[in-house]
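Visitor: I would like a close look at the strand pairing in this model, and at the aromatic rings that go with it. Please take it slowly and keep it in one piece.

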Amino acid sequence: QVRLVESGGGLVQAGGSLRLSCAASGSIFRINAMGWYRQAPGKQRELVATITTGGSTNYADSVKGRFTISRDNAKNTVYLQMNSLKPEDTAIYYCNAEVRPSYRDTQYNYWGQGTQVTVSS
């Protein structure tokens with residue numbers, strides 16, 4: 001089994017910063033892309049940012065220039081540094097990872113349990 005555990009969410013004022021972390025553990029042969037998604041109340045889950053094993057990144061237009069995704073492959077951990085936060089960034093943030101549990105396995109998609117980020121105006 002593979003488990004993703006997020007941390008770092010909380011309440012912050014507009015203009016502030018937060019750093020989210022997500023650590024993968026369990027039966028892991030290889031982790032390919034990792035990423036962050038978010039879901040605000042009454043809205044669909046949306047992509048925030050992704051990062052490949054080699055470090056190539058992709059961001060939603062709404063967070064470009066404010067958020068930075070990074071990863072530590074040795075620790076199976078992905079981070080999301082969020083600066084200049086806005087009230088519209090308020091959502092539950094979910095970690096995602098494409099994992100091969102063993103060399104025999106194909107790739108599976110795993111999700112964390114989510115961490116709440118609330119930005120007050």
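Guide: Two strands count as paired if DSSP finds at least two bridges between them. The model here is a predicted one. By that rule strand E1 (residues 2-7) pairs with strand E3 (residues 18-26): six bridges join them, and the two run antiparallel. Within this pairing, Arg3 has Ser25 of E3 as its bridge partner. E3 also pairs with strand E8 (residues 77-82), again in the antiparallel sense and over six bridges. There, Cys22 stands opposite Val78 in E8.

In a regular strand, side chains alternate between the two faces of the sheet. As for side chains, Arg19 lies over the face of Tyr79, at 4.1 Å from the ring centre.

Now the contacts between rings. A search of the whole structure finds one aromatic pair. Its members are Tyr37 and Trp111, with ring centres 5.1 Å apart and planes at 65 degrees. Planes over 60 degrees apart count as edge-to-face, so the pair of Tyr37 and Trp111 is edge-to-face. Tyr37 belongs to strand E4 (residues 30-39) and Trp111 to strand E10 (residues 108-111), so the pair ties together parts that are 74 residues apart in sequence. Trp111 has a relative accessible area of 36% and is therefore partly exposed.

Methods. Residues are numbered from 1 along each chain as its sequence is written. This is a predicted model: local features need pLDDT of at least 70, side-chain atom pairs count only at pLDDT 80 or more; totals for chains, interfaces and linings use all residues. Side-chain values use heavy atoms; hydrogens and water are left out. Helices (H or I, at least four residues) and strands (E, at least two) are DSSP runs, numbered from the N terminus. Rings of Phe, Tyr and Trp (its six-membered ring) pair if their centres lie within 6.5 Å; planes under 30 degrees apart count as stacked, over 60 as edge-to-face and the rest as tilted. Buried means under 20% relative accessible area, exposed over 50%, partly exposed in between (1.4 Å probe, protein chains only). A charge sits over a ring if NZ of Lys or CZ of Arg is within 6 Å of the ring centre and within 35 degrees of the ring normal.
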